[in-house]
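Q: I've got a structure open on my screen and I'd like to learn how to read it. Can you take me through some features, one at a time?

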Amino acid sequence: MNSDFVVAVHALVYLNHKADVVSSEALADNICTNAARVRKVMAPLKRAGFVETREGSVGGYRFAADPAKTDLKQVADALGVRFVQSSWRSGDTDMECLVASGMADIMDDIFVDLNERCRERLALTSVADIDARIFGSV
């Protein structure tokens, strides 16, 4: 997993809290990153319908979804996040040893299962839940 997921969740919670159009620069300041990165992360969130954009000198992003119905699984899905992965695979499928030839596929299956479990857990937390944890129940 890269930190795009963290940037996205932070941005959505901030936009929900502000309840107004916020520029990528202002979002970047709050997230402590740069505006180009914010725009890159926000693009798939816009395609998924979580945010709307406004062009021009007073342009930016506005939260466009129901915060109670916007869960973190949906955010992860919009970004195509894989939480557990490995850039390296052990063994070689052409080796005679069953461990060497089978381990990479077994580990891939485990990673798929872990990703699904992460998504199931994330489906239990909404943007509104995070807002409530920060600001307390209203």
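Q: At what angle do α2 and α3 pack, and how far apart are their axes?

A: Here's the general idea: two packed helices are described by the angle between their axes and the distance between the axes. Keep in mind that this is a predicted model. In it, α2 and α3 pack at an angle of about 105 degrees, and their axes are 8 Å apart. That makes α2 roughly perpendicular to α3.

Q: Which residues make the contact between α2 and α3?

A: On the α2 side, look for S24, E25, L27, A28 and I31. On the α3 side, you want A35, V38, R39 and M42. Sort the residues of this contact by type and you get 6 nonpolar, 1 polar and 2 charged.

Q: Now for α1 and α2: at roughly what angle do their axes cross?

A: You read this pair the same way, by angle and distance between the axes. Helix α1 covers residues 4-18 and helix α2 covers residues 24-31; their axes come within 10 Å and cross at roughly 115 degrees. So α1 is roughly perpendicular to α2.

Q: Is the crossing of α1 and α2 left-handed or right-handed?

A: The crossing of α1 and α2 is right-handed. As for who meets whom, α1 brings V7, H10, A11, Y14 and L15, while α2 brings L27, N30 and I31. The residues in the contact of α1 with α2 divide into 6 nonpolar, 2 polar and no charged.

Q: How should I think about a nonpolar core, and which residues touch the most other members here?

A: The general idea is that in soluble globular proteins, nonpolar side chains tend to be buried together. In this model, the largest nonpolar core has 30 residues, and F5, L12, L15, L27, M42 and L45 touch the most other members. Several elements give two or more residues to this core: α1, α2, α3 (35-47), β2 (60-63), α4 (72-79) and α6 (127-135). α1 gives the most, with 9 residues.

Q: Which residues does L45 touch?

A: Leave out residues up to four places away in sequence, and L45 touches A8, L12, F50, V51, V75, A78 and L79.

Q: Let's pick a residue in a strand. Is Y61 buried or exposed?

A: Y61 is found in strand β2. Its relative accessible area is 10%, and the cut-off for buried is under 20%, so Y61 is buried.

Q: Which residues does Y61 touch?

A: Quite a list, again not counting residues up to four places away in sequence: L15, D20, V21, V22, S24, L27, R39, M42, V51, E52 and T53. Take V22 as an example of sequence versus space: Y61 and V22 are 39 residues apart in sequence, but 5.2 Å apart in space, C-alpha to C-alpha.

Q: And D131: where does it lie, and which residues is it in contact with?

A: D131 lies in helix α6. With a relative accessible area of 18%, D131 is buried. Setting aside neighbours within four places in sequence, D131 is in contact with V13, N16, H17 and G136. D131 and L12 are 119 residues apart in sequence and 9.9 Å apart in space, C-alpha to C-alpha.

Q: What about backbone angles? What is the phi of A19?

A: A19 isn't a glycine, yet it has a positive phi of about 50 degrees. You'll find A19 in the loop between α1 and α2. A19 is exposed, with a relative accessible area of 64%.

Q: And what is the phi of C32?

A: C32 has a positive phi of about 70 degrees, although C32 is not a glycine either. C32 is found in the loop between α2 and α3, and is exposed at a relative accessible area of 70%.

Definitions and conventions. Residues numbered from 1 in each chain as written. Predicted model: local features only at pLDDT ≥ 70, side-chain atom pairs only at ≥ 80, totals over all residues. Heavy atoms only, no water. Axes fitted to C-alpha atoms, helices over the stretch in contact; angles between N-to-C directions. Helix = DSSP H or I, 4+ residues; strand = E, 2+ residues; numbered from the N terminus. Parallel < 35°, antiparallel > 145°, perpendicular 65-115°, else oblique. Left-handed = near helix turned anticlockwise from the far one by under 90°. Contact = heavy atoms within 4.5 Å. Nonpolar A, V, L, I, M, F, W, Y, C, P; charged D, E, K, R; others polar. Core = buried A, V, L, I, M, F, W, Y, C linked by side-chain atoms within 4.5 Å. Buried < 20%, exposed > 50% of the residue type's maximum accessible area, 1.4 Å probe, protein only.
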